[in-house]
Amino acid sequence: MAGGMRKTVASLYASHSSIPHLLAAADRACRHSFPIGGSLLHARKGLSQLLSRFAETRCKLRGFEVSHASPYRISLPVRNPTPKLKAKAVGAFAWEDEGGLVFLLGQTHEVRYVVHELQSYLAGEVTAVYFRTSDIPRSLGDACRQDDQLEIAVSGYTASILQGGQDRQIKTRREWFTSPEPFQDFFSELEDETQWVRSLHLQLLGQASARGRVSRDMSFSCDMGLQVFFHNVIHPLARVINARRELFAKRSVEESPSHTVKPLRITYDSRLFENVRENHRLIHTLRKLPDATVSVFHPNPFLHAAVTDYTDGSSFTIWIVNDSSLLIVPGTRTTSGSLERFCNHVNEYFSEGRVEEALE
Amino acid sequence: MSRLDRQRKDHETQLRNAVDNYQQTVLALKAFGNEILFDDQTRTLSPGGTAHCGRKLRTSANNRKSKEEEQKPDLVVQRSLQLATIAEAKLGFPTTPNEFEGRISQCLDQVEKYDDDLTGWYNAGGRRGTPAHDIVLLVNYEDAKRVERELRARREAGGFVVTRSFSVISIANIRRAGGVFWPELDLLGDGRLLDATKTEKLANRLPIHPEKLATNPQFGLAELYDCEPPEPLMMNLVWRGIDAILTQEQRDAVRFDGFVELTASLQEVCDLIRQRGWTFLRHDSRDVDVPDTTWVSRAIGRFVSMKWATRVEGQRESFRFTYKFRRSPYEQFVRFVAKRRAYADETARKKAERQEKASHKKGQAQKRAEAQREATRREREAKRMPLLENAIRNGTLKPRRTRKGKAAFEGPGRV
């Protein structure tokens with residue numbers, strides 16, 4: 001590693017008094033082709049409460065360490081080094097925004113490792129957040145409206161596509177464009193087909209350029225212009241996600257103000273459940289939900305199933321109420337993280353629909 | 001497929017159908033109860049209205065069928081001080097004529113018991129009064145027409161007398177035009193309720209929306225009513241209840257150590273199920289306690305057989321559960337119970353076979369012994385007859401008739 005780059009990387013790993021300093025250091029590292037990435041999570045009781053759990057036995061034994069002030073530097077030893085992860089210890093920076101989302105930033109592979117270990121050791125406390133296809137054009141549009149000179153184009157994407165007649169299947173489509181397409185054109189073409197985005201490669205042009213990738217679970221990486229990418233893509237997307245997260249809150253008997261449940265619905269534009277085989281495809285998809293179990297009482301013609309989420313003990317019931325929607329009835333205890341995880345699983349692996357109130 | 005496998009598959013199918021029937025019954029009771037509690041003018045649930053599952057009501061001394069005895073209808077809905085509805089759910093009638101008629105007679109007996117000045121209504125806040133009440137029979141769509149026809153015939157023949165408003169309401173899963181597809185309540189024939197608006201609504205078929213039922217504070221999440229559910233369903237509720245009380249530390253223990261052990265008594269498990277909202281709200285001591293401890297005890301007994309739980313030594317109703325994050329526990333319960341029943345059937349069949357063989361052998365042996373005795377008797381008789389005839393010819397024996405007219409011989413000694 002050249003001396004200049006060594007200094008740049010060192011400045012990234014040094015402590016930072018503020019988030020702009022951290023982002024500037026990361027941006028410099030990015031310019032030197034150092035792979036910078038990040039992720040977005042939700043801490044159920046807040047970041048400081050989450051980090052205080054590092055003092056507990058299991059986390060302590062695992063070797064979680066954290067610095068004292070925000071942005072916090074989380075570090076932990078690597079159990080099984082891989083070619084991509086050769087270091088003995090990895091780390092990532094974490095801070096919380098005003099909406100309650102936790103941002104993580106650092107070297108791409110290290111951040112991924114830290115997120116994985118956080119979700120293993122603190123399951124139920126920290127949950128992933130997800131974007132929906134419709135969130136992206138909205139947030140990118142907001143960013144472009146704030147900066148007239150900004151142009152955002154899609155240079156590649158991965159999407160799921162629902163194909164087939166009677167027996168439908170999910171196929172993965174990956175495409176890279178020789179010349180990037182403006183995001184408005186890209187998303188209007190996407191609407192015409194039954195596709196939903198899993199990851200996007202974006203190029204930003206304007207006063208400063210940027211290039212990066214963002215995935216459905218809000219993990220991202222950047223190889224040019226981190227600050228520009230962060231402020232014009234990640235931050236607006238985080239705002240949209242945060243606004244939508246309210247939909248999942250306080251739906252169970254325990255949390256709801258009226259102490260009665262507030263059901264949710266996933267609605268599709270087409271009459272998806274007209275074909276009874278879609279019920280079975282949904283059951284097959286639900287059974288793949290990690291850290292959860294599904295009890296199917298009645299598979300067809302209407303579906304009635306119960307889901308128990310092992311990460312935090314949430315439980316809810318699923319009904320197919322008509323040909324174009326799926327009803328989710330929370331139980332006595334159902335957390336927002338669990339509902340969001342379930343909805344994303346259905347959206348990502350079955351078919352993407354609109355999550356909305358069941359009772360208007 | 002072996003005979004045992006076939007039996008196991010049959011039992012699995014029967015169990016799934018039984019679970020389905022049970023849940024349809026719960027859905028029917030909830031749907032009907034919600035509709036009766038719904039005020040069509042304010043478009044909300046009637047404040048002060050209550051729904052009771054298995055409430056103990058007492059018949060009067062004038063009851064035609066059962067004098068001064070306690071009855072427990074499946075559902076009692078008290079919309080106000082003046083108006084109530086009693087519903088009995090009978091989903092699933094036999095197909096054979098004799099059994100069908102027997103079942104109908106049972107239903108009608110129950111209905112006639114409810115046709116009385118019943119006492120034991122819920123009196124919240126000390127309010128007094130005996131409401132006027134309807135009687136409703138909830139049946140499956142498939143059985144509805146048959147049942148309604150039979151009831152009408154019996155009523156016309158005078159074999160079934162009800163003085164109060166009585167109706168048969170069916171619950172069916174009907175695909176409607178436009179793709180909406182959901183269970184509906186349908187009031188059949190010329191049945192009626194005291195509330196004419198409700199009668200009309202139900203006669204026009206009422207679609208049931210689970211999202212609306214779920215928000216009912218008295219039974220929105222109920223999965224049990226006053227009848228023991230099929231074993232896999234009860235086991236599933238117990239397992240989900242245990243999962244719900246795990247602390248985060250216990251979950252971490254399961255995640256990292258593979259399992260965690262926790263102890264709970266029978267009563268604690270019953271309380272757990274109630275706390276999760278899986279039963280109708282119990283308003284007072286006249287409402288039946290659901291689930292019954294025997295149901296839960298049987299379910300936990302199955303867990304012990306599956307080695308998912310053990311009994312705590314020295315404490316009869318205390319159990320130690322070995323909790324793990326299991327894949328599809330409900331499916332495992334169905335398969336386990338089906339397998340046990342198939343084995344029980346097979347054991348019973350083999351025992352019956354052995355007994356039949358044994359009795360067949362015994363019968364054969366008896367027949368052989370009988371035949372042997374008969375042969376011996378004939379042989380002796382055959383030997384005896386010629387000697388007798390010679391003695392008569394020689395004059396050694398003289399035949400005579402006894403006073404009773406029987407043949408006898410006079411002469412020295414036996415022949």
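**Exercise 1. The interface**

How much area is buried between chain A and chain B, and what percentage of it do carbon and sulfur atoms give? Work this out on the predicted model, then describe the side of chain A.

Solution. 
1. About 3700 Å² is buried between the two chains, and carbon and sulfur atoms account for 52% of that area.
2. On the chain A side, the three residues that supply more than any other three are Arg58(A), Phe297(A) and Tyr310(A), with 19% of the area that chain A buries against chain B.
3. Counted by residues, the contact draws 47 from chain A and 41 from chain B.
4. Nine residue pairs are in polar contact between chain A and chain B, both residues having pLDDT 80 or more.
5. The elements of chain A that each supply at least two residues to this side are helix 5 (108–121), strand 13 (292–298), strand 14 (304–309), strand 15 (314–322) and strand 16 (325–330).
6. Strand 13 of chain A gives the most, with six residues.
7. By type, the side of chain A that touches chain B has 22 nonpolar, 13 polar and 12 charged residues.

**Exercise 2. Salt bridges**

Find how many salt bridges the structure holds over all chains, and how many cross the interface of chain A and chain B.

Solution. 
1. The search of the whole structure gives 64 salt bridges over all chains.
2. Glu340(A) and Arg245(A) form a salt bridge, with 2.9 Å between the closest N and O atoms.
3. This pair links distant parts of the chain: Glu340(A) belongs to helix 10 (residues 336–349) of chain A and Arg245(A) to helix 8 (residues 226–245) of chain A, 95 residues apart.
4. Across the interface of chain A and chain B, the rule finds five salt bridges.

**Exercise 3. Tyr121(A) and its partners**

Classify the aromatic pair of Tyr121(A) and Phe256(B), and state why the pair joins two chains.

Solution. 
1. Over all chains the structure holds 30 aromatic pairs.
2. For Tyr121(A) and Phe256(B), the centres are 4.5 Å apart and the angle between the planes is 35°.
3. Planes under 30 degrees apart would be stacked and those over 60 edge-to-face, so the remaining angles count as tilted; the pair of Tyr121(A) and Phe256(B) is tilted.
4. Tyr121(A) is in helix 5 of chain A, whereas Phe256(B) is in helix 7 (residues 248–257) of chain B, so the pair joins two chains.
5. The side chain of Tyr121(A) also makes a polar contact with the side chain of Arg79(A), at 2.3 Å.
6. Arg79(A) sits in the loop between strand 3 (72–77) and strand 4 (89–96) of chain A.
7. Besides Tyr121(A), Arg79(A) touches Arg62(A), Tyr113(A) and Glu117(A), not counting residues up to four places away in sequence.

**Exercise 4. Confidence**

Which elements of chain A and chain B have the lowest mean pLDDT?

Solution. 
1. Chain A has a mean pLDDT of 90, and 98% of its residues reach 70 or more.
2. Among the elements of chain A, helix 1 (residues 3–13) is lowest at 72 and strand 10 (residues 210–215) highest at 95.
3. Chain B averages 89, with 94% of the residues scoring at least 70.
4. Among the elements of chain B, strand 16 (residues 407–410) is lowest at 66 and strand 6 (residues 75–78) highest at 96.
5. Where pLDDT is low, predicted coordinates should not be read in detail.
6. For the complex, the predictor gives an ipTM of 0.88 and a pTM of 0.87.

Technical notes
Residues numbered from 1 in each chain as written. Chains lettered and ligands numbered in written order. Heavy atoms only, no water. Contact = heavy atoms within 4.5 Å. Buried area = accessible area lost by both parts, 1.4 Å probe. Salt bridge = Lys/Arg side-chain N within 4 Å of Asp/Glu carboxyl O. Polar contact = N/O pair within 3.5 Å; in protein donor to acceptor, adjacent residues only side chain to side chain. Helix = DSSP H or I, 4+ residues; strand = E, 2+ residues; numbered from the N terminus. Nonpolar A, V, L, I, M, F, W, Y, C, P; charged D, E, K, R; others polar. pLDDT = per-residue confidence, 0-100. Phe/Tyr/Trp six-rings, centres within 6.5 Å; stacked < 30°, edge-to-face > 60°.
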